[in-house]
Amino acid sequence: MTLPDMTEAQIRRYARHIVLAEIGGVGQAQLIAARVLVVGAGGLGAPLLQYLAAAGVGTLGVIDDDTVDLSNLQRQIIHRTADIGMAKVESARRALSDINPEVRVVMHPRRLTADNAEQIIAGYEIVADGSDNFATRYLVNDVCYRLKKILVSAAILRFDGQISTYKAWRGAGHPCLRCLFPAAPSEDAVPSCAQAGVLGSLAGTLGALQATEVVKEILGIGRSLSGRMLTYDALEASFEEMTIAKRPDCPTCGS
Ligand SMILES: [Zn+2]
């Protein structure tokens, strides 16, 4: 087994990955070389960022324009009580460098908009969306399609979560978010977590699933969630899977 350009400390830190046949030294080196953008340092972003940093993903971009609020701490476990009032990207950066100082954290303390999205997303290979609003979700979907970036997208509300992977630029069998829902619902049609509530640990379940799917996409191992949506009902303690068809008339990826 070859361990390309890894120090003794790295070999020890990542030993439980390196021993996995599906990862090995080569896979760990791929994780160290990877660049992943996490949209939102909130409930989903918290476990997602922590697991990706622990896994040694070499460059982690964090985009969030918010500051830490007392009401975040019930589920956003990357932030601490002492961080209240601090920019979430800065609070996240500190937590991540405590977990793994080898990871380069790039802070984007702003809201993703149509004006800046292409420029920011272009710097990464994979985007993981844990944002809390439809406008951002659709923007990320459309820009990732145009720039041919893999998108791992999750959402949570109350006791329910869902996750899928989008790489619609690969063609047949690979739908995008707009194949599923062609237009974003109006913001008042679907309640937010602030209005309807969300179980704190549900963010952990879905954020950890996102981290797993990001690692799988970096390494090209296992079965991708592209073309499928996994849903989790916490009250029922059940997972279900649905197939997402590519829509020929999709406004983003249709022909
Ligand atoms: Zn589509």
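These questions and answers explain the terms used for a predicted model. Local features are described where pLDDT is at least 70 and side-chain atom pairs where it is 80 or more, while totals for chains, interfaces and linings use all residues. Residues are numbered from 1 along each chain as its sequence is written, and side-chain values use heavy atoms, with hydrogens and water left out.

Me: What makes the arrangement around the zinc ion tetrahedral?

Reply: The zinc ion is coordinated by the SG atoms of Cys176, Cys179, Cys250 and Cys253 at 2.3 Å, and donors are N, O and S atoms within 2.8 Å of the metal (3.2 Å for Na, K and Ca). Four donors count as tetrahedral if all angles lie between 85 and 135 degrees, and here the angles run from 93 to 125°, so the arrangement is tetrahedral.

Me: Which parts of the chain do Cys176 and Cys253 tie together?

Reply: Cys176 lies in the loop between β6 (160–166) and α8 (177–180), and Cys253 in the segment after β8 (238–243), so the pair ties together parts that are 77 residues apart in sequence. Helices (H or I, at least four residues) and strands (E, at least two) are DSSP runs, numbered from the N terminus.

Me: How do you know whether Cys176 is buried or exposed?

Reply: Buried means under 20% relative accessible area, exposed over 50%, and partly exposed in between (1.4 Å probe, protein chains only). Cys176 has 1% relative accessibility and therefore counts as buried, and Cys253, with 7%, is buried too.

Me: Why is the pair of Tyr232 and Phe239 called stacked?

Reply: Rings of Phe, Tyr and Trp (its six-membered ring) pair if their centres lie within 6.5 Å, and planes under 30 degrees apart count as stacked, over 60 as edge-to-face and the rest as tilted. The search of the whole structure finds one aromatic pair; the ring centres of Tyr232 and Phe239 are 4.6 Å apart and their planes are at 25°, so this pair is stacked. Tyr232 is buried at 17% relative accessibility, whereas Phe239 is partly exposed at 45%.

Me: What makes the contact of Asp142 with Arg178 a salt bridge?

Reply: A salt bridge is a side-chain nitrogen of Lys or Arg within 4 Å of a carboxyl oxygen of Asp or Glu, and the closest N and O atoms of Asp142 and Arg178 are 2.7 Å apart. This pair links distant parts of the chain, with Asp142 in helix α7 (residues 134–147) and Arg178 in helix α8, 36 residues apart. Asp142 is buried at 15% relative accessible area, and Arg178 is buried at 16%.

Conventions. Tetrahedral: all angles 85-135°; square planar, octahedral: opposite > 155°, others 65-115°.
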